[in-house]
Amino acid sequence: MTERLPLMAGNWKMNLDHLEAIQHTQKLAFSLADKDYEAVEVAVLVPFTDLRSVQTLVDGDKLKLKYGSQDISQHDGGAYTGEVSGPMLAKLKVAYAVIGHSERRQYHGENEEIVNAKVKAAYRNGITPILCIGEPLEVRKAGTHVEYTLAQLDGALDGVPASDAESVVVAYEPVWAIGTGEVATPEDAQEVCGAIRARLAELYGAELADKVRVLYGGSVKSSSAAGLMAKPDVDGGLIGGASLDADEFVKIVRYREQAVG
Ligand SMILES: O=C[C@H](O)COP(=O)(O)O
């Protein structure tokens with residue numbers, strides 16, 4: 001089995017202006033040591049207006065912190081008012097773009113076709129997608145959460161070749177656990193993350209599936225991270241609210257020091 005480097009990615013959502021972003025990034029940079037980065041890849045996924053500030057800090061101070069955007073346009077340029085393109089993001093050297101977050105699906109009408117086009121736009125521009133999938137509460141209650149989530153995965157990766165898909169990061173985020181304080185149990189997370197890897201194996205082969213990092217997201221805190229990370233198919237976290245507190249985020253990065261709750 002491949003040794004997958006865990007990824008802890010902080011999704012700031014629509015929080016922290018560019019001045020606050022500088023402060024927050026400096027605090028993370030000060031707190032995180034080389035040994036943290038050796039054990040875990042650490043990324044911040046920031047509002048578009050923060051990207052240039054974060055890039056300047058990362059480049060200037062040669063930080064090992066990775067950064068990315070929370071969205072990407074499906075188009076590479078043109079008359080698309082308000083959109084930010086892959087080439088623009090690539091110029092800012094973003095490593096990642098979050099694609100298909102449930103908040104974008106819910107509030108911005110992003111369907112499978114758009115998510116798929118955005119995944120392709122990211123790859124076209126050398127950016128790694130963090131592809132978010134996961135079921136709403138009613139689907140969980142109906143017990144069809146695995147099928148629902150795998151259908152989202154199939155749709156998002158439709159027509160994506162293995163040479164691209166091998167680097168994808170998939171984030172399983174059950175909508176009922178996002179921002180609610182209701183974290184999925186490690187067993188819930190493993191059930192779906194394991195099914196995602198199995199589907200990747202069906203689509204692209206076991207070797208590729210073994211390399212892909214599958215994250216869990218939804219109310220992750222330092223008190224729950226170790227338990228989630230103990231599961232074999234959970235390779236990291238997509239962390240919203242808790243990533244806005246630098247000390248708490250650093251504790252999550254150091255989940256190995258926390259008790260498995
Ligand atoms: O992208 C992050 C997820 O939406 C989780 O957010 P949360 O940790 O605030 O629940």
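Reader: What makes a polar contact with the backbone nitrogen of Lys13?

Author: In this predicted model, a polar atom in the side chain of Asn11 lies 2.9 Å from that backbone nitrogen. A polar contact is a pair of N or O atoms within 3.5 Å; within protein, one must be able to donate a hydrogen and the other to accept it, and residues adjacent in sequence count only if both atoms are side-chain atoms. Residues are numbered from 1 along each chain as its sequence is written, and side-chain values use heavy atoms, without hydrogens or water. Because the model is predicted, local features need pLDDT of at least 70 and side-chain atom pairs count only at pLDDT 80 or more, whereas totals for chains, interfaces and linings use all residues.

Reader: Why is Asn11 called buried?

Author: Buried means under 20% relative accessible area, exposed over 50%, and partly exposed in between, with a 1.4 Å probe and protein chains only. Asn11 has a relative accessible area of 5% and is therefore buried. Asn11 belongs to strand E1, residues 7-11; strands (E, at least two residues) and helices (H or I, at least four) are DSSP runs numbered from the N terminus. Beyond four places in sequence, Asn11 touches residues including Leu45, Gln70 and His101, where contact means heavy atoms within 4.5 Å.

Reader: Which residues are around the ligand?

Author: Among them are Asn11, Lys13, His101 and Glu173, a residue being near the ligand if one of its heavy atoms lies within 4 Å of it. An oxygen atom of the ligand is 2.7 Å from a side-chain N or O atom of Lys13. For the side chain of His101 that distance is 2.8 Å, and for Glu173 it is 3.3 Å. Taken alone, the ligand exposes 310 Å², of which the protein buries 95%; such areas come from the Shrake-Rupley method with a 1.4 Å probe, and for residues only the protein chains shown count as cover.

Reader: How many disulfides are there, by rule?

Author: The count is zero. Cys132 is in no disulfide, as the nearest cysteine sulfur, that of Cys193, is 12 Å away, and a disulfide is a pair of cysteine sulfur atoms within 2.5 Å.

Reader: Is Cys193 buried or exposed?

Author: Its relative accessible area is 0%, so Cys193 is buried. Cys132, at 2%, is likewise counted as buried. Cys193 lies in helix H10, residues 186-204. Its contacts beyond four places in sequence include Tyr172, Val214 and Asp233. The C-alpha atoms of Cys193 and Asp233 are separated by 5.6 Å, although the two residues are 40 apart along the chain.
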